[in-house]
Amino acid sequence: MANTTDVAAHAAVPSSADIERASTFAREPFLLDSEGPEALAPGTARRQALDAALAEIAGGAEEPSVEWRRNYSLLLGLERFLADEPPTLRDGAELSPHQVDALSGTLAELMAQAQVGSAEAGVELDSAEVGLDEPDTAEVEILDDAPDEDEDEVPQEADEPEYEEPQDWTETSTDDDEDEVVEEAPDDPGAARRFWFEHATGAGKTVAAVGFIEATRTGGVLILTHRRNLVDQFIGEISDRGYKERLRPPLLGSRDDAEGPVTVETYQWFVRNHKKVSDAYSVVICDEAHTALGEKTSACIRAWPGPVFIGMTATGALIARHVADLFPTQTSRFDLAQAARRGVISPLRCLRIPPGPGVRTIAKVPLRKGEVDQDFDQEELAALLDQGPFNFAIADLYKSRFRKTPGVLYTAGVQHAHNVAEAFRAVGINAQAVSGQTPKRELAEILAGFERGDVDVLCNAQLLAEGWNSPRATICMHLAPTASRRIYQQRVGRVTRRAPGKEAGLVIDFVHPATTHDETIVTLHSLLDRDVYRGGAIVVGPVRRGRGRKVRVERRIVPVSDVEEKRMEVLEREIWRIAVENLDYPEQHAWAALAGARVNTQGWRRARAMLQNDRTKELRRRFLLTCVQRNRNAQLRLKALGEIADLGDPDAFDDAIDIVGTWSREDKRAGTKTMLQALIDKRIGRRDQAQAWVWRLAGYTRELHEEYAVQRWPETKRLLGLLVNSSGRAHGRNARRLVHAARKQDRRLAVSLLAAAVSHTPEGEEVLRGARMRMARKPSGVARELLRNFPKGGKRRRKRKRGKDGNGNENGKASEEAVEVALIESENGGDPEATEKPRRRGRRRKDKEAEASENGGEPQEAASEEAAPKGVPVAEADAEPEPEITEDEPPKKPAKAKVAKPKKAKARTARSKAADKPKAAKKGKAAKEPKAAKEKAAKAKAKTARSKAAAKPKRKTKAKAKAAKADGSEAGQMNIPGTEGDPVAVGESDE
């Protein structure tokens, strides 16, 4: 049982003197501002660090041991550094929120491990290695085989039955499978002390690393990177931030330094000297942590479990599985899209340039698997791309579009880089090629010249893909494509750093504009999962409407997502901004269908312009047919019909006729009229096709042709009635009878008869089809005759603007009508219900009267048919050209169209006779009355008689006109429905 006195003493609040002595020893404050000794409660991480420091002071130590530094130096330093608001480095630079997240995430993990005692294993491991300069594998194996603290409990657990998870499948075992032995994963004792964070390139990972240096005052910091030029870059950054005095050469063997030494080296140096590295380093920062995933480098890191490892990368999301294998705990993430949206890095624009014909075989280049991911075979890629004409074309393109904008160009190999740089210099652009073979002094001079502006373009294979920082770089040109998302993002990161006058970074991909995300070649849109490509537009980041844009932004877009649903959403959402020529063939037809259904009057020309690259006219055909079928605008449907006729495509014309048949009655008439006019003006398809089209269109407007035929020849009703009401053989006989009668008529009437006929037996249909085909030997002629039966609208339908008299009545017409009504009421004994509403003499009636007067008082057609035999109209060859019956009125009112007015002399005679009759009757009646009363009544009745005499001729003329409309005498013949016989001339009427 533990001594309660010792426990109480251990749990007591430490004195201020002890806290001050420990703070001086550790060079870190144990109490932050506004905190008291009660903050050091037992079990907290700071209390553990305090107790360990007091124990070492009691043991006579003058400076913290290696074990204390590894466990508590970074923890206390991060608490102290993050207590400031905001955290600030020595040079006054303030850490941004995402950098603070990386440090605070690491602090949270260290505190959790300290509080649960997870760091104790690391302390025991380090105590076993005291005095050893080069820990070898044998020692690690001994530690792995050490007995477990719960070893005596194992026999008891062995007696208990082990629970086995049921298996959902059946495996067929073979002899080879039985011999295989699955090895267990090797133990990784230092995995709990390895962390990593992901920050986008240009977001300030180096500043975050300097923050860890500031937080570690006594422990050593070892920074590892993958290139020698990046070592110099890190050293310069640390010196500029105010920590130059802490830089040390590598500490090897048993050398120790408790002043917080900082060393920057490469991974290659670490692999060669990992057994000699001093334990003075308590923190190891792995820059570009994905480069540490190689077999040798990762093995050396796992063999050194004492320090705290912190990995930094910009592509952790692309290779997260591999990074998590070596660095299990992620403390922060700030990817490219987040950094661009927050304005931490420059926005990114993208421009896609289709490669030439000789470069389109890049898909045939095989892939080679690397340590982390796979990429194209660089030798075969260089053999394909390193061509003189192609290099000069790239140089000319860069000069014409970007001039001397600073940029970085990635090639396929060292020789390719030199050849491209030579082509750039030939067109007047100062370009230099750099590679791993370039001497270090020359490489430093070239990079410094790029920063000064003496060099405009840097051509390299892979040297400047990672770690190299230059805010001046604006253009990233992927002359050699890559299949590695990690490499692509590292390349793009070279142009993400912000600089004065730099509006955005420009990424140039040599791919087709419609390249989707599922292609092998990585693009900026596939990297960021963007659904739409628009040349030169911002892909990620805020849009700043300032000066400095280096590329023209295109208006049209292309869907680039590999998900079909997303592509269709883009088509529907941005239908009038789509670059149709860049879509796949099925998607082009889908767009044409959408455009045809949604186009309006204002967008018709735009839609036509978007189809200008359609050489086969299939898209235009789909667009027009969909417009005819689904568009809501009736005018556009008729316009589409006309353009379908202009195409001259028989199949499209046939489909359009089918669609017109589904329209409403009025729209069907207008569409049929358009199609008939097209058959008159153009020759579409074969003659047999045109014949069939003419009669199909005639069937759509059969009632119009029937009305004309009935008006011209009353026998039509009887023949059509017999045809419809008969069946069997009688139906065929009636069809032949109608065809025989049609042969004796003129062409227009014959065509109308055949168009109005409807058959419902095969025999009758065959008879009518034969007659129609014989009649339509010239389809345009039949179409012309059918077109004459349609009502014509337009000019004469416009109403005149009527003026007003002084009383507000239009042209004084209302007053005249009032007088006429008064006269009629006096005639009817003052009964207003018995009066007849006066009819207006409209413009059309006056025009017909003028036409009748020019033809000798009768219409032209009536005059021509009076000379014909009864019942048989004049033949087409002998008759004069017939006037169009429906010139002004629709066919539903044929009587109005053919009103025949009586001659003026006859009208005057009728009015005089009607005026004399009532006068004689009144005088005879008045003679019988007494003389005194007779004179008084005579005056009153004379007045009434005058009014009756004035009104009676008008009524009689209107009655005669009404009778003429009813019996058809306006057209020169009597048309009595339901009777048979010859037409009666107007002069032979019962009047």
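Q: Helices (H or I, at least four residues) and strands (E, at least two) are DSSP runs, numbered from the N terminus. Where does Lys 617 lie?

A: Lys 617 belongs to the loop between α24 (604–610) and α25 (618–630). The model is predicted, so local features need pLDDT of at least 70 and side-chain atom pairs count only at pLDDT 80 or more, while totals for chains, interfaces and linings use all residues. Residue numbers start from 1 along each chain as its sequence is written, and side-chain values use heavy atoms, with hydrogens and water left out.

Q: What is the phi of Lys 617, and which other residue, in the loop between α2 (16–26) and α3, can be read in this way?

A: Most residues other than glycine have a negative phi, and most peptide bonds are trans. Lys 617 has a positive phi, near 65°, and is partly exposed, with a relative accessible area of 42%. For that class, buried means under 20% relative accessible area, exposed over 50%, and partly exposed in between (1.4 Å probe, protein chains only). Arg 27 sits in the loop between α2 and α3. Its phi is positive too, near 60°, and Arg 27 is partly exposed at 33% relative accessible area.

Q: Is the peptide bond from Glu 85 to Pro 86 cis or trans?

A: That bond is cis, with omega near -5°. Pro 86 is placed in the loop between α4 and α5 (97–116).

Q: Which residues is Pro 366 in contact with, leaving aside its neighbours within four places in sequence?

A: Contact means heavy atoms within 4.5 Å. On this basis, and with those neighbours left aside, Pro 366 is in contact with Asp 375, Phe 376, Asp 377 and Glu 380. The C-alpha atoms of Pro 366 and Asp 377 are separated by 5.9 Å, although the two residues are 11 residues apart along the chain. Pro 366 lies in the loop between β7 (348–352) and β8 (367–369) and is partly exposed, with a relative accessible area of 25%.

Q: Which residues touch the most other members of the largest nonpolar core?

A: In soluble globular proteins, nonpolar side chains tend to be buried together. A nonpolar core is a set of buried Ala, Val, Leu, Ile, Met, Phe, Trp, Tyr and Cys residues joined through side-chain atoms within 4.5 Å. The largest core here has 77 residues, and Trp 591, Phe 623, Phe 653 and Trp 695 touch the most other members. Helix α33 (residues 747–756) contributes the most to this core, with seven residues. A second, separate core of 49 residues includes Ala 49, Trp 68, Leu 103 and Val 264.

Q: At what angle do the axes of α3 and α4 cross?

A: Two packed helices are described by the angle between their axes and the distance between the axes. Axes are lines fitted to C-alpha atoms, for helices over the stretch in contact, with angles from 0 to 180 degrees between N-to-C directions. The axes of α3 (residues 45–58) and α4 (residues 66–82) come within 10 Å and cross at roughly 130°. That angle makes α3 oblique to α4, given that under 35 degrees counts as roughly parallel, over 145 as roughly antiparallel, 65 to 115 as roughly perpendicular and the rest as oblique. Among the residues that meet are Ala 49 and Ala 52 in α3, and Trp 68 and Tyr 72 in α4.

Q: How do the axes of α29 and α30 cross?

A: The axes of α29 (residues 687–700) and α30 (residues 702–712) come within 5 Å and cross at roughly 80°, which means that α29 is roughly perpendicular to α30. Ala 698, Gly 699 and Tyr 700 of α29 make the contact with Arg 702, Glu 703 and His 705 of α30.
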